[in-house]
Amino acid sequence: MGPLDQITLTGVRAFGHHGVFADERRDGQEFVVDVTLSVDTTQAAASDDVADTVHYGEVAERIVELVGSDPLNLIEGVAARIADDLLEHPLVHTVSVTIHKPHAPITVPFADVSVTILRSRREGPDA
């Protein structure tokens with residue numbers, strides 16, 4: 001297989017209750033998610049059929065569901081949850097997930113804090 005194409009969603013906003021502190025768990029906050037999916041879009045380009053690609057609207061909705069699900073202490077875990085879920089799609093080979101926590105409880109002025117993870121589909125006999 002040659003180089004893969006990319007589908008990118010930037011700035012998906014979702015509400016969740018993730019964090020180490022009790023008030024973060026209780027009150028929740030907005031998280032912003034960017035994802036890049038590595039996909040072979042050759043078939044979709046030829047067929048012009050959304051069934052032959054990864055539907056980015058469905059990906060965005062799934063991200064919102066996953067951020068809103070069971071609270072975790074760390075955004076690293078939220079990013080991994082999203083990556084693992086998106087890799088279940090048969091067309092997705094690799095995924096990059098960035099979770100931004102713009103309202104993180106940091107005591108100095110800051111613009112953003114984020115974590116980015118990269119995950120790949122495990123293939124072969126040991127997968």
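Trainee: What order do the four strands take in the open sheet?

Mentor: The order is β1-β2-β3-β4, with antiparallel pairing. Strands here are DSSP E runs of at least two residues, helices are H or I runs of at least four, and both are numbered from the N terminus. Two strands pair if DSSP finds at least two bridges between them. This is a predicted model, where local features need pLDDT of at least 70, side-chain atom pairs count only at pLDDT 80 or more, and totals for chains, interfaces and linings use all residues. Residues are numbered from 1 along each chain as its sequence is written, and side-chain values use heavy atoms, leaving out hydrogens and water.

Trainee: Which strands stand at the edges?

Mentor: β1 (5–16) and β4 (114–120). Each has a single partner strand, so one side of each lacks a neighbour in the sheet.

Trainee: How many bridges join β1 to β2?

Mentor: Ten, and β2 covers residues 29–39. Ala14, for one, has Phe31 in β2 as its bridge partner.

Trainee: Which strands does helix α3 touch?

Mentor: Helix α3 (residues 56–67) packs on the sheet against β1 and β2, and its direction makes about 35 degrees with that of β1. Angles run from 0 to 180 degrees between N-to-C directions, with axes fitted to C-alpha atoms, for helices over the stretch in contact. Helix α4 (residues 75–86) also packs on the sheet, touching β2, β3 (92–100) and β4.

Trainee: On to the core. Which residues touch the most other members of the largest nonpolar core?

Mentor: Val33, Val35, Leu37, Ile82, Val97 and Ile99, out of 28 residues. Such a core is a set of buried Ala, Val, Leu, Ile, Met, Phe, Trp, Tyr and Cys residues joined through side-chain atoms within 4.5 Å. The largest share, seven residues, comes from α4.

Trainee: Switching to Glu24. Is it buried or exposed?

Mentor: Glu24 is buried, at 6% relative accessible area. Buried means under 20%, exposed over 50%, partly exposed in between, using a 1.4 Å probe and protein chains only. Glu24 lies in helix α1 (residues 22–27).

Trainee: What joins the side chains of Glu24 and Lys101?

Mentor: A polar contact of 2.6 Å. That term means N or O atoms within 3.5 Å; within protein, one must be able to donate a hydrogen and the other to accept it, and residues adjacent in sequence count only if both atoms are side-chain atoms. The backbone nitrogen of Val20 also lies 3.1 Å from a polar atom of the Glu24 side chain.

Terms used. Contact means heavy atoms within 4.5 Å.
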